[in-house]
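Subject: Structure for your review

Dear colleague,

Please find below the structure that I am handing over to you.

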Amino acid sequence: MKKYYITTPIYYPSGNWHIGHCYTTVICDALARFHRMRGEEVFFLTGTDEHGQKVEKKAKDAGITPPEFIDPLVAELKDVWRLLDISYNRFIRTTDSDHVAAVQKIYQKLYESGDIYKAEYSGMYCAPCESFWTEGQLKDGKCPDCGREVTVQKEESYFFRLSKYAPKILKLYEDNPEFLQPKSRVNEMVNNFLKAGLQDLCVSRTTVKWGVPLPFDEKHYAYVWIDALSNYITALGYGSEDDSLYQKFWPAELHMVGKEIVRFHAIIWPAILMALGEPVPKQVYGHGWLLIGGDKLSKSKLDAVKAELTDPYELVKRYGADAVRYFLLREIPFGSDGVYTNESLLNRINADLANDLGNLVSRTQAMINQYFGGILPARGKSEGTDGELIALAEGLFAKVEGAMNRLNAPEALAEIFTLVSRANKYIDETTPWLLAKDEAKRERLGAVLYNLAEVVRICAVMLKPFLTKAPALILKSFSCDENAGFDTVSFGGLQAGARVEKIPPVFPRIDIKKELAEVERLVAAHGKEAANKEKANASEEDAPLPQISIDDFAKVELKVGEVVACERVKKSEKLLHETVKVGEEIRSVVSGIAKYYTPEEMVGKKVVLVTNLKPVKLCGVLSEGMILCAEDKEGNLSLVSPEKPLESGCKIR
């Protein structure tokens, strides 16, 4: 029996799940279901990435342990997958004991082979992405992946010799043209990373304790990528006493990922596997993003977009899992970015599911019930356009299979709905309602309705990988096996005399104008609720902080400074670079106040400066202190200055 191993990337359990989170997993689920129906043994993996600084900090801020913070979010994600009928074989968590044990063995093996070594790291760190960057990799002084601010961090770390594997990665691309798809991703990896030369990868932290402890150094904890990426093999039992699943399913047929993490899967992951002496996956596919309002649908963008309904719970509740799955699989050009709007979802539901598929099912069932008492007539002989319809139905599986072999679910669905549309046209061509008026044409009427019923049955079977509820309902209503596989899609499988039950519309038509108005109301109500919550949170932020002792306050050194020069930071719209005189000392200070003060306004001002902060670089500019500002309820800033003229360097007590 053939085998098929497919994976999604593991998700950081952030909560507030939206339709954009569902895209990769729904694609993978359709592929997994398709290969199962083709008779292959499938292992479909998804899960969560739960270690690292973000979780540790958020748990600490909430006054709870990391597991207490993470567990409800993981449960929430599993609920989303249940709503969408995701048929994974394993949901791995990087906190699972078998994963932790295997990751430690992987680190030990890499350390013993010399592919991991200790050194001191200093670089620009993005906490949300948990990624280190060189200054040259930053975009406008910010993280090139998420666009957020980065900070300079320096600590002792272990490094993976990623640079050693650059030639092997290039050769992998050359020898295996299908390894990384679509082709545009290869150009990105080669031109943006491999040609520029790979830098060794920081793979441990001492300042973050929420992670896998390294077996050879108790001060260090695994840092993100070896821990996270290794899930693809640890889930199969790699490094355990029972690695039978690993022996059966590895290498994976497909890692499906978003284009923003192709670098990790197409460069770092193959290098780790090469260092371990293990085979690389057969293919990595970096699909596009689901866009809304012209930008990536992310949690931060979601807060700014008030027009679209993106909550998977609400979408499934209103339209059903099949409709949401269908939109994601059909609407978005595979490999490219796609756009989500309320209107595009409703139009797709009406046009394809209600008007085409739903209409074909309803008309066919209604006519069989009206003209033959709900009993399927005999096939009869073919004439007229019958041959064209039957040929299209007979050739459907090959076309869908070809599209799915290319991972192109939109094309596969387009082929199915080409047959659906042709069948609706066939009704208009054969005019069963006219045939029913002539008793001499009853045999012809029976043949027409049999052909329609067969097309409905074949389409229902072919839709099973994509839609999880409607196909079974349709098959059952035609007295067919709900578990029918691809071996049943030859034309003529229906038996005359079978009972055909008329069922309610599988996809009721939606009044789009009315529904958009209701969605607008829902989104507005959600926005109001979010605003109230934000207001409540702001009130909490305004609450008094815990009391501190005079000794705590004495640790902060405040002095009067005079701004003697100021300019904008070239790589940022928010930052000003001030030269501040503090007594006899001159300091370089970077402040996020460009929205409120021009460089010309700043020169000559007396400011209050925190002078004993650890120096950092912001957008490549050294900052040796912090200028204090007050903030009003609208978020406007105002410099804190001495009431009376004081010389620079005066201490503030």
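This is a predicted model: local features need pLDDT of at least 70, side-chain atom pairs count only at pLDDT 80 or more; totals for chains, interfaces and linings use all residues.

I begin with the strands. An open sheet is formed by three strands in the order E9-E11-E10, with antiparallel pairing. Strands E9 (204-205) and E10 (213-214) each have a single partner strand and stand at the edges, so one side of each is left without a neighbour in the sheet. E10 is joined to strand E11 (residues 217-222) by two bridges, and Leu214 stands opposite Asp217 in E11.

Elsewhere, strands E18 (residues 576-582) and E19 (residues 585-591) form an antiparallel pair over seven bridges. In their hairpin, two residues lie between the strands, and Gly583 takes a positive phi near 65°. Strand E19 is mostly covered, as five of its seven residues are buried.

I now turn to charged side chains. The count of salt bridges comes to 35. One of them joins Glu155 and Arg205, at 2.7 Å from N to O. This pair links distant parts of the chain, with Glu155 in strand E6 and Arg205 in strand E9, 50 residues apart. Both Glu155 and Arg205 are buried.

Another salt bridge joins Lys118 and Glu156 (3.8 Å, N to O). Lys118 lies in strand E4 and Glu156 in strand E6, so the pair ties together parts that are 38 residues apart in sequence. Lys118 is partly exposed at 41% relative accessibility, and Glu156 is partly exposed at 28%.

Yours sincerely

Key:
Residues are numbered from 1 along each chain as its sequence is written. Side-chain values use heavy atoms; hydrogens and water are left out. Two strands pair if DSSP finds at least two bridges between them. Helices (H or I, at least four residues) and strands (E, at least two) are DSSP runs, numbered from the N terminus. Buried means under 20% relative accessible area, exposed over 50%, partly exposed in between (1.4 Å probe, protein chains only). A salt bridge is a side-chain nitrogen of Lys or Arg within 4 Å of a carboxyl oxygen of Asp or Glu.
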